[in-house]
Amino acid sequence: MEPIRRLLLILPVLLVVVLSGCQNAFGYINSRWISEIDLTYNSIESQAETAPFESRIFKDGEFIKTMASAMNTSKRIAGELDYDADFRMKLVYGDGYTEDFILGLGQEEGNSGLLLSAERSGTGYTVSAKNADKLRKLIFSGGSAAAKSEADEASVVTQGPVTVSRNDLYTVTGNKEFLNLQLLKGSYSEDWSTPSPLAGRSWTGQFRLVITDELGAALGTFALSRHFTEELSFGDLFQIQFADYNGDGNPDFTIGQYASSSGSLFKLFTLRPDHTIQELQIKGAASGLFISSPDRYSVKLDVIEGGFRAGHYDNSVGRQVETSYRWDGAVFQEVAGESTDTRGM
């Protein structure tokens, strides 16, 4: 029995020795116990334009396993530290327990990474270049397949119409009412992958204009989508611009759709005292009047006697051209001889 008792006493000691040889100062990180890893980007001026995200939660096993392996094989750095770190990192375990760390990777492949405990930020550990490259690929290249799949399958449900433009009419008509542009049926999406005029947010589908009182009760509606040949799409929240272009005392306004990098196609509408809306026709512009303006979805035109003036960049001649239009009682007509070449002005 004595040899057995000695063996039982020795085994715990051996187990401690074996485990201590596998651990760093963080202790052994078991990926199976981690439910998620939260990363928050720690703004570094030199990387401000290439930050992958502000904050993100990783729940897929591939990322968690890779991070745990990188932490478990990290090596202590001797001496004082002078560093910039990309992320603050939180490990969240299945029982709700959390641990905070600081992670420095950079985006240059082949370099080792830096890891610190938030509680002991004076002591640093190197992450091997191999493990750091794996983490860079998962973080800076869009994440793992599981993370992409989660985003692809995301579904957002809304209750009722979505208001893309809300406009207080008190300064326009003197009435405590609102003119709202609403998405009734369609979709909302985001694309931040490549910089372009169409990148970012997008509301697409069937739209209406609705006039409401202060409590939101509808006083009049207008099926806006029926007045455009293509499906409507708006990439930002915006304000509608008002002016009286036909001289009848009622507020008129434009609604536009992106046409090219040079401008948008705008249609002209009027708001009547009985809460009805009507399109004001522009001869020769059935699909909309092409106007170059930084205001993509509603632009305020230059008011002239009996009409308005609008400008566009003419690629065929390489210059800005402004054209005048006057109301003849039924439609706006281009005023012959009043087109202006603004080159050099």
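Is Lys 267 buried or exposed, and what is its relative accessible area? Lys 267 is buried, with a relative accessible area of 8%. Buried means under 20% relative accessible area, exposed means over 50%, and partly exposed lies in between (1.4 Å probe, protein chains only).

## About the model

This is a predicted model: local features need pLDDT of at least 70, side-chain atom pairs count only at pLDDT 80 or more, and totals for chains, interfaces and linings use all residues. Residues are numbered from 1 along each chain as its sequence is written, and side-chain values use heavy atoms, leaving out hydrogens and water.

## Around Lys 267

Lys 267 lies in strand E15. Helices (H or I, at least four residues) and strands (E, at least two) are DSSP runs, numbered from the N terminus. The side chain of Lys 267 forms a salt bridge with that of Glu 279 (3.5 Å, N to O). A salt bridge here is a side-chain nitrogen of Lys or Arg within 4 Å of a carboxyl oxygen of Asp or Glu. The pair links distant parts of the chain: Lys 267 is in E15 (residues 263-271) and Glu 279 is in strand E16 (residues 277-280), 12 residues apart. Both Lys 267 and Glu 279 are buried.

The Lys 267 side chain also has a polar atom 2.5 Å from the backbone oxygen of His 227. Not counting residues up to four places away in sequence, Lys 267 touches several residues, including Phe 228, Phe 253 and Ile 255. Contact means heavy atoms within 4.5 Å.

## The other salt bridges

How many salt bridges does a search of the whole structure find? It finds three. One of them joins the side chains of Lys 90 and Asp 100 (2.9 Å, N to O). Lys 90 lies in strand E4 and Asp 100 in strand E5, so the pair ties together parts that are 10 residues apart in sequence. Lys 90 is partly exposed, at 28% relative accessible area. Asp 100 is partly exposed too, at 36%.

Arg 136 forms a salt bridge with Asp 133, with the closest N and O atoms 2.6 Å apart. These two residues are three apart in helix H3, about one helical turn. Arg 136 is buried, at 4% relative accessible area. Asp 133 is partly exposed, at 24%.

Strands of a sheet pair through backbone hydrogen bonds, either parallel or antiparallel. Here, seven strands form an open sheet in the order E2-E1-E4-E5-E6-E7-E3, and the pairing is antiparallel. Strands E2 (55-58) and E3 (75-76) stand at the edges with a single partner strand each, so one side of each has no neighbour in the sheet. Two strands pair if DSSP finds at least two bridges between them.

E4 and E5 are joined by six bridges. Phe 87 has Leu 103 in E5 as its bridge partner. The hairpin of E4 and E5 has four residues between the strands, and there Gly 96 takes a positive phi near 95°. Five of the seven residues of E5 are buried. Four bridges join E5 to E6, and Gly 104 stands opposite Leu 114 in E6.

## Helices on the sheet

E6 (residues 113-117) and E7 (residues 120-127) pair over five bridges. Helix H2 (residues 61-72) packs on the sheet, touching strands including E1, E2 and E4, and its direction makes about 80° with that of E1. Helix H3 (residues 129-140) also packs on the sheet, and its direction makes about 100° with that of E7. Axes are lines fitted to C-alpha atoms, for helices over the stretch in contact, and angles run from 0 to 180 degrees between N-to-C directions.

Notes:
Polar contact = N/O pair within 3.5 Å; in protein donor to acceptor, adjacent residues only side chain to side chain.
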